[in-house]
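Below are notes for a colleague who has not seen this structure before. They run from the definitions to the chain and then to single residues.

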Amino acid sequence: MDKIVSLCKRRGFIFQSSEIYGGINACYDYGPLGVELKRNVKEMWWRSMVYENQDIVGLDAAILMHPRVWEASGHVAGFTDPLVDCRVCKMRFRQDEIDPKKFEKRQCPSCGNAGSLTDARQFNLMFKTHMGPVEEDASVVYLRPETAQGIYVNYKNVMDSSRKKIPFGIAQIGKAFRNEITPGNFVFRTREFEQMEMQYFVKPGSDEAVWNDWRERRMAWYGKIGIRKDKLRFRRHGENELAHYAKAAIDVEYEYPMGWKELEGIHNRTDYDLSRHQEFSGKDLTYFDDATRERFVPFIVETSAGCDRTVLTCLVDAYEEQKLENETRTVLHLDPKIAPVKAAVFPLVNKDGMPEIAQKIAADLRGEFIVFYDDSGAVGRRYRRQDEAGTPFCVTVDSQTLKDETVTIRERDSMEQARVAIRGLAPELKRRIWAE
Ligand code: GAP
């Protein structure tokens, strides 16, 4: 993980937030390459959810919502972690992360002192703020801890305006905030993050089949963005692990450097959310099925992925230090579809008109995707820099170009080169980038 963190900083993928002030814990900023990678991940998710399914539409709800939403959702009462303090070293832990034997002896996992741990206190993970100029209880609002609730409270609006019939889904990408007690592992667990969530509204009774279907579809999507299959697995939640809203939950897990961990959750939330919002808002959220003349509160199957965690997974999965004959090559084998820069263009040498031709090629390609022009240093070094940034293709203008208007395309993973006519370069690159 240290190597990923340092590559991210060196190449401009991810920086510590407010670094010049010493940083702020568990918040990160995406640099020029990171923001492109993240956008591409979101774009692939949106495409697979909204563009490719007639029964799913998009939404972008506000982060700040009516505070009653979080009472209805159960977050005010139940979105808590049991927190334990050490009286000696002042460290703070989640009780469920302490070895039960040590906790029984009240032994601090950090300083080792026995009897130093306090009783567990329930700590709510929601960030609170105030709306308007007066900081009083009546003006409290929360930064949303999940994007899902914005979808539930809009379910009627969306259904009526887009004339959807059940079953149908609503997809959303947006920021979520959690005052995590033990954030860490870079962008794996942060206090500000982005979620990509889809809520699928179904008739009670069809929920289990739909839940089974969506878990397979979500697993397949990770293959589409290039994650290795043998690094992914399902893990079903035991009865005692289930969140307060879930009848069944399964995680897509990835094998990170720190072990197998959750990447996405697929949850059967039953009619819990809509029933609660119906109760708390006093609005009718039932659905009337014209065909069967039945009225019911829809069940919800949710797919909930972390965008930052997916970006981290892509980076971890793609990273390789390859031993070559005389050197070690650091390469990011990012799938071309999500790679930030799709192609780099170089003149082999800075003379004989090669830079001008290369500049023109880069300018022509730029309308299609992100292209990087580089003429500094030996061409071998330029290839290595692009390997580390995950750029799948390097295009080089050489002396042959001057004779027959062809260039080489060098493919990042195999390092193989092929000659193509400048005329056919854009379609060839596009074919290679978007190949399934
Ligand atoms: N709406 C359901 C929900 O929010 P969750 O399991 O709490 O479920 C879903 O979160 C996903 O959001 C996780 O699988 C993870 O990818 C991401 N996520 C949750 N907390 C996170 C955090 N503190 N930092 C980064 N990503 C997080």
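1. Helices and strands here are DSSP runs numbered from the N terminus, helices being H or I with at least four residues and strands being E with at least two. On that basis Tyr287 sits in strand 14, residues 287–289.

2. The model is predicted, with local features needing pLDDT of at least 70 and side-chain atom pairs counting only at pLDDT 80 or more, while totals for chains, interfaces and linings use all residues. Residues are numbered from 1 along each chain as its sequence is written, and side-chain values use heavy atoms, with hydrogens and water left out.

3. The chain as a whole has 14 helices and 23 strands. Its C-alpha atoms fill a box of roughly 75 × 65 × 50 Å along the principal axes. Of the 436 residues, 50% are buried, where buried means under 20% relative accessible area, exposed over 50%, and partly exposed in between (1.4 Å probe, protein chains only).

4. Contact means heavy atoms within 4.5 Å. Taking contacts between residues at least 6 apart in sequence, 64% join residues at least 24 apart.

5. The accessible surface of the chain is about 21,100 Å², and carbon and sulfur atoms hold 48% of that surface. Accessible areas come from the Shrake-Rupley method with a 1.4 Å probe, and for residues only the protein chains shown count as cover.

6. On charge, Lys and Arg count as positive and Asp and Glu as negative, with His and the chain ends not counted. Each charge is placed at NZ of Lys, CZ of Arg, CG of Asp or CD of Glu. The mean positions of the 66 positive and 68 negative charges are 1 Å apart.

7. Which residues come nearest to the ligand? They are Glu146, Thr190, Glu197, Glu262 and Glu302, out of 21 residues around the ligand; a residue is near a molecule or strand if one of its heavy atoms lies within 4 Å of it.

8. A polar contact is a pair of N or O atoms within 3.5 Å; within protein, one must be able to donate a hydrogen and the other to accept it, and residues adjacent in sequence count only if both atoms are side-chain atoms. A ligand nitrogen lies 2.5 Å from a side-chain N or O atom of Glu197, and a ligand nitrogen is 3.4 Å from a polar backbone atom of Phe188. A ligand oxygen is 2.8 Å from a side-chain N or O atom of Arg178. The protein covers 92% of the 550 Å² of accessible area that the ligand has on its own.

9. Glu253 belongs to strand 12, residues 248–256. It counts as buried because its relative accessibility is 4%. Its side chain makes a polar contact of 3.0 Å with the side chain of Arg235. Beyond four places in sequence, the residues that Glu253 touches include Trp260 and Glu262.

10. The side chains of Asp308 and Lys38 form a polar contact of 3.3 Å. Leaving aside neighbours within four places in sequence, Asp308 is in contact with Tyr30, Lys38, Val187, Phe193 and Glu194.

11. Back to Tyr287, which is buried with 8% relative accessible area. Its side chain reaches the backbone nitrogen of Ile166 at 3.1 Å. Setting aside neighbours within four places in sequence, the contacts of Tyr287 include Tyr155, Met159 and Ile166. The C-alpha atoms of Tyr287 and Met196 are separated by 26 Å, the two residues being 91 residues apart along the chain.
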